[in-house]
Amino acid sequence: MHVVILAGGKGVRLRPYTSALPKPLVPIGEEYAILDIILRQLTSQGFTRATLAVGHLSPLIRAFVGDGSRWGLQVDYTEEVTPLSTIGPLFPIRDRLPEHFLVMNGDVLTTLNYAGLLARHVEAGAPLTVATSPRVVKIDFGVLETSGGQITSFREKPLLSYLVSMGVYALSRDTIAHYPEGMPFGFDELVLDLLAQGRQPGCFEFDGYWLDIGRPDDYDEANARFEEIRSLLLPTDRERVR
């Protein structure tokens, strides 16, 4: 079971924390980096290989992870000379990837069953399977619908419910086979391209803990709640990589 972890971004929204550290290495609690937690989770769920797509401050990530043996993983790397977005880093390494694999951001804290997501993807035969989380957004205004210059409906400060991408998805190698190397290409572009082709991606709905650490407020929340959620995020002591 193989995972590609996207760890090459500059983490601009998380500054000043990312001024000296790449975002996947910022500490959570007193013992762990975000990437450390992710690698422990993946190992406990049966993943054996990982490719890290690195760029910004990549020597620090390489020094921290090494060959992955600390986690019982075989780790290799792909380096972004120029930013390639979320899917573009996969194109140069297609021949190193298995038929089906996981792709995820390196700054996600979640209790998602990664192995279950990959298994669902293989079983369904979808070109892409996206892990999703429900989100509710409160609109702080009265919302109007109009037609022909007249109001046809009104809702006062409605709550809107959405499923959002968690930044974790399962992918098949043939889905990205025809894209040229060196082209910046994002997850959003891939989804839109698949829809235009009539190849609907699959959805893996998840309603457990998920936090995308993109802003200082998110990072502060992760640290404030870490002891509360630690037992959910990390494998048991018996399963932990030592």
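Modeller: With strands. A strand is a DSSP run of E, at least two residues long, and strands are numbered from the N terminus. This is a predicted model. Here, I151 sits in strand β10, residues 150–156.

Biologist: Is I151 buried or exposed?

Modeller: Use the cut-offs. Buried means under 20% relative accessible area, and exposed means over 50%. I151 has 57%, so I151 is exposed.

Biologist: Now T132. Where is T132 placed?

Modeller: In strand β8, which spans residues 128–138. T132 has a relative accessible area of 7%, so T132 is buried.

Biologist: What does T132 touch, leaving out residues up to four places away in sequence?

Modeller: L163, V164 and M166, plus the run C203, F204, E205 and F206.

Biologist: Next, helices. How far apart are the end C-alpha atoms of α5?

Modeller: Only 20 Å. Helix α5 covers residues 216–233, 18 residues in total. A straight helix would reach 26 Å at 1.5 Å a residue.

Biologist: Where does α5 bend?

Modeller: At F226, by about 75°. F226 is also one of the buried residues of α5.

Biologist: What do the buried residues of α5 pack against?

Modeller: Strands β2 (27–28), β3 (32–33), β7 (108–110) and β13 (210–212), along with helix α1 (34–44).

Terms used: Residues are numbered from 1 along each chain as its sequence is written. This is a predicted model: local features need pLDDT of at least 70, side-chain atom pairs count only at pLDDT 80 or more; totals for chains, interfaces and linings use all residues. Side-chain values use heavy atoms; hydrogens and water are left out. Helices (H or I, at least four residues) and strands (E, at least two) are DSSP runs, numbered from the N terminus. Buried means under 20% relative accessible area, exposed over 50%, partly exposed in between (1.4 Å probe, protein chains only). Contact means heavy atoms within 4.5 Å. The expected span of a helix is 1.5 Å times one less than its number of residues. The bend at a residue is the angle between axes fitted to the seven residues ending there and the seven starting there.
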